[in-house]
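Here are my notes for you to read next to the model. Keep the structure open and find each spot as you go.

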Amino acid sequence: MKRFLIIINLTLILLLLGFAFAQAETGTGYVNTPAGLNARTGPGISYTLIETLHDGYLVQVTGTEYAADGEPWYSITWGTGNAGYVLAKRIKLVDNTVPVDEGVGAEPMPTMTAAEFESYMTSQNFPETYKPYLRSMQSAHPSWTFKAAHTGMSWDTVIAKESQVGQSLVYSGAMPSWKSMEKGAYTFNGDKYISYDSGGWYTGSPMIIKYYMDPRNFLNENGIFQFLTHGYEGDTQKIGGLKLLLRGTFMGGAFPEGGYETWADALMEAGKQSGVNPYVLASMILVEQGTGGIGGCISGTVSGYEGYYNFFNINAYKKNGLTAVQMGLKYASESGSYGRPWNSRFSSILGGAQFYGRNYVTRNQNTLYFKKWNVMNGATSLGEHQYMGNVQGAELEAIRLRKGYLNVLNQPMTFIIPVYEGMPSEISQKPTTGNNNNYLDDLQADGFTLDKTFDRYGYEYSVNVDPSVRAVAIKAVANSKEATIKGAGTVMLENQETRIPVRVTSSSGMERTYYITVRKVQGGQANANEPANAGLIEDVQKSTVTVKSALNKGDEDKTEIVLTWEKVAEADYYQVFRSNSKNSGFGKSPYYTSSDKETLTFTDRDDFTKGKTYYYKVRGVKEIDGNLYYTKWS
């Protein structure tokens with residue numbers, strides 16, 4: 001009995017210690033592994049993967065739990081509403097007690113009140129959809145300044161340009177929903193993506209490009225450093241923060257050449273001479289050469305180019321039978337601009353910094369975002385003079401850059417944030433599941449011959465039919481079994497010319513539209529086999545719903561608007577739409593949908609505004625051969 005009590009007591013003590021540990025391990029931390037860290041739905045590798053977080057990514061640790069093998073995992077939150085679990089040993093908690101011993105600086109006083117910041121955002125013409133995120137950032141960092149950079153270009157124009165084949169790239173291991181399947185980016189012959197940029201990189205899909213180009217996705221602690229100005233600022237760019245950025249990388253220790261004690265010293269001097277933020281220079285090198293410094297352009301041992309270095313991989317692309325590394329070192333070995341030849345590490349770093357300062361910082365590409373997306377130099381510069389093809393490039397560098405600023409986050413900094421014309425009200429989402437295959441293998445107007453042979457890359461077809469033809473049956477076959485088709489089936493020809501859209505939606509949500517234009521002309525093709533359901537569809541589309549409305553007092557004297565309508569024989573159910581305007585504003589989604597064809601009334605119990613007029617319209621819905629057909633509006 002005594003032994004049993006001892007075991008229970010020991011177990012209780014261990015549980016209490018575990019609880020205390022879980023309670024203590026909370027706060028801000030960052031991913032501390034070059035390979036990135038998998039966030040999962042539970043504590044253990046058997047749980048579903050949610051997302052891979054990059055090295056340096058900032059998270060909030062909310063507690064500790066243990067996997068079945070006893071390994072501690074942190075429960076974390078990140079981004080906007082994301083939550084999951086990660087290996088605790090791969091997270092470095094931020095120690096806010098670290099002394100600022102190398103001139104990092106002291107915390108300044110706030111510069112704007114909340115009311116002043118509201119006025120400031122208005123004066124900058126920030127869109128309303130930006131403001132919630134900017135308010136959050138200003139509240140956390142009141143000494144920061146956020147400036148709007150109005151590009152003067154439409155969102156759709158920019159996305160169309162950046163989505164061109166070979167323009168914006170994703171790595172070969174990216175999920176299928178990130179990869180474009182446009183002609184030239186993917187070939188159905190062999191079922192493979194076409195490689196770009198020396199191999200291993202594929203054209204990104206419009207959805208992933210929208211995600212990375214939408215500034216609103218990065219107005220948060222992790223993403224904001226995409227917009228930090230890249231000019232040299234001695235007041236905020238201190239060597240203490242730079243050493244923190246370099247810690248654990250190949251540049252974390254002594255500089256291997258004379259003249260500078262550490263890599264940080266060399267980078268600070270290069271930044272001062274070139275006018276470029278040394279933190280930015282460091283993050284660029286780490287992205288190009290890896291945290292272990294394994295890039296061929298900085299080994300100094302490549303055959304034929306021994307003793308030459310190119311830390312920023314300038315001109316390093318495959319060409320004329322030379323590899324990307326050889327091309328980069330060829331450039332480094334030549335006499336010319338930016339202090340070449342670069343026959344020492346420091347000369348390469350300084351020369352590359354001068355190259356970047358002259359070609360980017362002073363040319364309206366003075367942030368990580370503008371370096372990746374050249375959107376401040378007019379429409380003719382879109383897609384040109386961009387530092388890298390990788391759509392994630394700005395995000396990856398921003399995460400590393402922020403890590404270097406961990407101890408100086410309360411210092412004054414300036415962030416320049418792009419604004420486009422005609423931006424969607426909804427923030428662009430990162431694609432996850434599915435693929436982008438939204439092509440057809442066949443498209444027909446049954447019983448008729450189209451003007452040309454079907455080609456999956458051709459989107460416009462036509463057919464001339466006899467004026468007596470009432471309907472055509474559209475048949476479509478998707479290339480992917482996972483894709484869905486809308487617009488096929490029986491289509492009534494109410495006009496002399498009917499343009500029929502056939503929309504194919506991929507499993508990832510991307511839409512592609514094919515069109516068949518049917519013209520009624522004398523001498524046109526006769527209907528070889530008119531659809532059997534053409535008469536029923538015609539009856540549905542000619543029917544009208546008759547509606548009456550009444551204003552009642554409901555429970556607790558609350559106003560109710562009651563709609564009743566007469567039954568339409570051809571309808572399966574009914575849809576009600578509501579607006580505050582008589583001729584617009586009803587939207588595409590119904591305000592109410594009845595459960596069946598016998599439901600002929602709807603009571604609206606909204607909190608109505610006195611003096612305002614509310615408008616309703618009702619239609620019947622009939623499903624025929626998998627397609628929906630509608631009566632006329634009430």
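1. Start with Ile-399, which sits in helix α12; helices (H or I, at least four residues) and strands (E, at least two) are DSSP runs, numbered from the N terminus. Buried or exposed? Ile-399 counts as buried, because its relative accessibility is 2%. Buried means under 20% relative accessible area, exposed over 50%, and partly exposed in between (1.4 Å probe, protein chains only).

2. A word on what you're looking at: this is a predicted model, where local features need pLDDT of at least 70, side-chain atom pairs count only at pLDDT 80 or more, and totals for chains, interfaces and linings use all residues. Residues are numbered from 1 along each chain as its sequence is written, and side-chain values use heavy atoms, with hydrogens and water left out.

3. Which residues does Ile-399 touch, not counting those up to four places away in sequence? They are His-54, Asp-55, Gly-56, Tyr-57 and Asn-222, where contact means heavy atoms within 4.5 Å. Have a look at Ile-224 too: it is 175 residues from Ile-399 in sequence, yet 9.0 Å away in space, C-alpha to C-alpha.

4. Now go to Asn-390, in the loop between α11 (368–372) and α12 (393–404). Asn-390 counts as buried because its relative accessibility is 13%. A polar atom of its side chain lies 3.0 Å from the backbone nitrogen of Gln-392. Leaving out residues up to four places away in sequence, Asn-390 touches Leu-169, Trp-201, Lys-372 and Leu-396.

5. Helix α10 (residues 345–361) is worth a stop. Its 17 residues reach 22 Å from first C-alpha to last, close to the 24 Å expected at 1.5 Å a residue; the expected span is 1.5 Å times one less than the number of residues. Why call α10 largely enclosed by the rest of the structure? Because 14 of its 17 residues are buried.

6. Finally, zoom out. The protein has 13 helices and 27 strands, and its C-alpha trace spans about 90 × 80 × 65 Å along its principal axes. Of its 634 residues, 47% count as buried. Among contacts with a separation of 6 or more, 65% come from residues 24 or more positions apart.

Terms used. A polar contact is a pair of N or O atoms within 3.5 Å; within protein, one must be able to donate a hydrogen and the other to accept it, and residues adjacent in sequence count only if both atoms are side-chain atoms.
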